[in-house]
Amino acid sequence: YERRVREVLRADVQGQMRRLLTSLLAVMLLALPVSAQYRCASDSSGFANDVPAFRPVQLIAPAALVGSGVAIHFLAHDSWDAAVNERFSAWRGNSPGTKADDWMQYVPYVMNLGLAFAGVPAENAFVDRLVESTLSFAAVAAVTGVTKLLVASPRPVGDLRSFPSGHTGRVFTAAELVRMEYGWGWGAGAYAIATAVGVLRMYNGAHWLSDVLAGAGLGILCAHVGRWLLEPAKNLFGIPDTDWGSGRRKDGPALSAGLSSSVDPYSGALCMGVALRF
């Protein structure tokens with residue numbers, strides 16, 4: 001009887017792994033426009049450099065993280081996931097946890113879209129960053145959502161939507177977008193926020209270590225999916241090239257803000273005004 005139970009469990013694990021790998025492979029094949037080109041903003045002459053958007057080296061970090069997550073979740077769950085969860089449970093104690101990870105996951109998206117308006121040079125203009133972020137967010141939402149349904153893994157506390165972590169996937173997508181747009185100076189800060197979100201997901205008892213590792217890898221991959229699809233999407237919808245909101249324009253004023261106070265002559269109330277110049 002025990003041998004039969006082990007065989008059933010082994011077959012179930014193998015089936016889950018096959019479904020997971022099949023879904024990941026399908027996403028890769030559908031989202032790899034290898035011939036796509038993108039504008040290289042480092043060309044100060046203003047002309048586009050045709051640089052391949054896809055390079056095999058971009059797959060190293062996602063493959064390592066997703067591979068580690070899959071291996072731990074399906075092959076070492078009791079020894080790795082359970083042990084890490086016990087440490088976080090002891091750390092949390094009787095605390096109900098925190099909701100900080102729910103809003104922290106979007107901070108790198110704000111960084112990606114807004115840093116250029118504060119004078120930080122970005123690789124792409126605002127419209128391009130917006131399209132790229134939208135495509136990346138849609139990709140990570142789709143791949144993590146489908147994988148959750150296929151694997152149907154129980155959380156430490158909660159439902160059967162544990163693997164992979166959606167919060168971690170979204171925040172690592174944005175962190176990689178920040179790194180690609182602004183370099184490692186700002187990218188390191190975005191990755192620190194992303195790592196904190198992953199830690200908080202485990203602290204709150206919402207995910208296992210393997211969920212967070214796989215989510216991080218999928219997030220980084222989906223950031224590159226957004227870059228790969230940027231030019232095809234712009235061509236499809238007729239979005240023109242522009243330099244507005246790139247932080248590289250020298251002929252326009254830098255972003256500045258000011259506060260002004262006044263008194264309402266009728267009520268005598270003190271009023272405050274905010275002025276933005278860009």
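Lys234 is buried, at 1% relative accessibility. Its salt-bridge partner is Glu231, with N and O 3.7 Å apart. Glu231 is buried too, with a relative accessible area of 14%. Both residues belong to helix H10, which spans residues 230-237. They sit three residues apart, about one turn of that helix. This is a predicted model.

**Salt bridges across the structure**

The whole structure holds nine salt bridges. Some share partners: Glu123, Glu132, Glu181 and Arg227 are joined in this way into one network.

| Pair | N to O distance |
|---|---|
| Arg201 and Asp101 | 2.8 Å |
| Asp159 and Arg155 | 2.6 Å |
| Lys234 and Glu231 | 3.7 Å |

What does the bridge between Arg201 and Asp101 tie together? Arg201 lies in helix H8 (residues 184-203) and Asp101 in helix H4 (residues 100-104), so the bridge links parts that are 100 residues apart in sequence. The side chains of Arg201 and Asp101 meet at 2.8 Å, N to O. Arg201 and Asp101 are both buried.

Asp159 is partly exposed, with a relative accessible area of 38%. Arg155 is buried, at 17%. The closest N and O atoms of this salt bridge are 2.6 Å apart.

Asp211 is located in helix H9, residues 209-228. It is buried yet forms no salt bridge. Which side chain of opposite charge is nearest to Asp211, and how far away is it? That side chain is Arg155, at 6.5 Å. A salt bridge requires a side-chain nitrogen of Lys or Arg within 4 Å of a carboxyl oxygen of Asp or Glu, so Arg155 at 6.5 Å does not qualify as a partner for Asp211. Arg155 does form a salt bridge with Asp159.

What polar contact does the side chain of Asp211 make? It meets the side chain of His207 at 3.3 Å. Other surroundings of Asp211 come from elsewhere in the sequence. Leaving aside neighbours within four places in sequence, Asp211 is in contact with His73, Ser162, Phe163, Pro164 and Ser165.

**In short**

Lys234 and Glu231 pair within helix H10. Arg201 and Asp101 pair between helices H8 and H4. Asp211 is buried and has no salt bridge, but its side chain has a polar contact with the side chain of His207.

Methods
Residues are numbered from 1 along each chain as its sequence is written. This is a predicted model: local features need pLDDT of at least 70, side-chain atom pairs count only at pLDDT 80 or more; totals for chains, interfaces and linings use all residues. Side-chain values use heavy atoms; hydrogens and water are left out. Helices (H or I, at least four residues) and strands (E, at least two) are DSSP runs, numbered from the N terminus. Buried means under 20% relative accessible area, exposed over 50%, partly exposed in between (1.4 Å probe, protein chains only). Lys and Arg count as positive and Asp and Glu as negative; His and the chain ends are not counted. A polar contact is a pair of N or O atoms within 3.5 Å; within protein, one must be able to donate a hydrogen and the other to accept it, and residues adjacent in sequence count only if both atoms are side-chain atoms. Contact means heavy atoms within 4.5 Å.
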